[in-house]
Amino acid sequence: MASLWTTRNLTMADAPNPFQIPNITKFKIALCQLSVTSDKNQNLDRASRSIRFSVEQGAKLIVLPEMWNCPYSSDYFAKYAEDFDNRDASPTLSMLSEAACCHGITIIGGSLPEWDHGRLYNTCCIFGPDGKLKAKHRKIHLFDIDIPGEISFKESDTFTAGDQPTIVDTEVGRIGIGICHDIRFPELAALYRKRGVDIICYPGAFNMSTGELLWELVQRARKSLPLDDQKREDIYKVIDVHELNP
């Protein structure tokens, strides 16, 4: 099973020609929201049931949220982190792999705390319908905030920042990956558009102090559609997006 964890992220240099039409031009996307607890096994069970429910509704691409296998707190990240190179130490990745393979779907696995050579990363894993790990994205822009009287939090106190954009070719098209605060930086989306991504996914766990005012407007601004290309405009029109929360 060693090949399960073999990945190759497309870089900006070796990605194929942009604006290729995906193999599937009409499909459902499930955006799974999860109520996270301090019980890791319970979180995995809830995610598994949410994935199964989404598949029953016809979803071909399933997207999980940021940090869903543990509470979003620096008190939990290291405790719940997994070594992705060791399947025996990665129950979360094993569950996602089995779910993708069992249901024949693509899963954008939200994000998880990852241990790698003594460092912690906020990492998104992407699994294909064969259950193999196709790529992983480490959060590039860590979220540090201090609003007196409301919220103070520094991801950089715990996590190491990633340093690579991530593009992955899937059965539903080419996908560019970011995590939460990555959305604040348009250069990443511009790179993805240049390389012809069909979808940009930003699994997130925004707080109410900043997220409510930010999320919708910035997400729409990052849309990768080239408006002068009628074929790709048609593709976007038929994508059926569903938010499923059993």
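Mentor: Happy to! Let's take helix α3, where T92, L93, S94, M95, L96, S97, A99 and A100 are buried. Please keep in mind as we go that this is a predicted model.

What covers those buried residues? The cover of α3 includes the helix α1 and the strands β3, β4 (106-108), β5 (112-116), β6 and β7 (133-138). As for the helix itself, α3 has 13 residues, and at 1.5 Å a residue they should span 18 Å; the end C-alpha atoms of α3 are 18 Å apart, so the expectation and the model agree. Just after α3 comes G104, which takes a positive phi of about 65 degrees.

In soluble globular proteins, nonpolar side chains tend to be buried together. Here the largest nonpolar core has 22 residues, and the members that touch the most others are I51, W68, M95 and L96. Two or more residues come from each of α1 (40-56), β2 (59-63), α3 (91-103) and β6 (119-127). The largest share, 5 residues, is given by α3. Follow L96 to see how this works: leaving aside residues up to four places away in sequence, L96 touches I51, L64, W68, I107, G109 and F127. Apart from this core lies another one, of 16 residues, which includes V63, C180, I199 and C201.

Next, the cysteines. A disulfide is a covalent bond between the sulfur atoms of two cysteines. How many disulfides does the structure hold? The count is 0. Take C102, which is in no disulfide: its nearest cysteine sulfur belongs to C101 and is 7.4 Å away, while a disulfide needs the two sulfur atoms within 2.5 Å. C102 counts as exposed because its relative accessibility is 62%, and the cut-off for exposed is over 50%. C124 is in no disulfide either, with the sulfur of C125 as the nearest one, 6.6 Å away. With 0% relative accessibility, C124 counts as buried.

In strand β3 (residues 82-83) you will find D83. Is D83 buried, exposed or partly exposed? Its relative accessibility is 30%, so D83 counts as partly exposed. Leaving out residues up to four places away in sequence, D83 touches A89, S90 and W115. D83 and E114 are 31 residues apart in sequence, yet their C-alpha atoms are 6.0 Å apart in space.

Strand β7 is another part of that cover, and K136 has its place there. K136 counts as buried because its relative accessibility is 19%, and the cut-off for buried is under 20%. Between the C-alpha atoms of K136 and P165, which are 29 residues apart along the chain, the separation is 9.8 Å. Look also for R138, which lies over the face of Y121, at 3.8 Å from the ring centre.

From there, let's turn to the aromatic rings. A search of the whole structure finds 3 aromatic pairs. One of them joins Y76 and Y80 edge-to-face, with 5.7 Å from centre to centre and 65 degrees between the planes. Y76 is partly exposed, at 26% relative accessible area, whereas Y80 counts as buried, at 6%. The rings of F77 and F159 make a tilted pair, because their planes stand at 45 degrees, with the centres 4.7 Å apart. F77 lies in helix α2 (residues 77-80) and F159 in the loop between β9 (151-154) and β10 (166-170), so this pair ties together parts that are 82 residues apart in sequence. Both F77 and F159 are buried. Together with Y72, they form one aromatic cluster.

Finally, step back to the whole chain. The protein has 6 helices and 13 strands. Of its 246 residues, 50% count as buried. Among contacts between residues at least 6 apart in sequence, 69% join residues at least 24 apart. If you go back to α3 now, start with M95 and L96, two of the core members that touch the most others, and then trace the elements that cover the helix.

Definitions and conventions
Residues are numbered from 1 along each chain as its sequence is written. This is a predicted model: local features need pLDDT of at least 70, side-chain atom pairs count only at pLDDT 80 or more; totals for chains, interfaces and linings use all residues. Side-chain values use heavy atoms; hydrogens and water are left out. A nonpolar core is a set of buried Ala, Val, Leu, Ile, Met, Phe, Trp, Tyr and Cys residues joined through side-chain atoms within 4.5 Å. Buried means under 20% relative accessible area, exposed over 50%, partly exposed in between (1.4 Å probe, protein chains only). Helices (H or I, at least four residues) and strands (E, at least two) are DSSP runs, numbered from the N terminus. Contact means heavy atoms within 4.5 Å. Rings of Phe, Tyr and Trp (its six-membered ring) pair if their centres lie within 6.5 Å; planes under 30 degrees apart count as stacked, over 60 as edge-to-face and the rest as tilted. A charge sits over a ring if NZ of Lys or CZ of Arg is within 6 Å of the ring centre and within 35 degrees of the ring normal. The expected span of a helix is 1.5 Å times one less than its number of residues.
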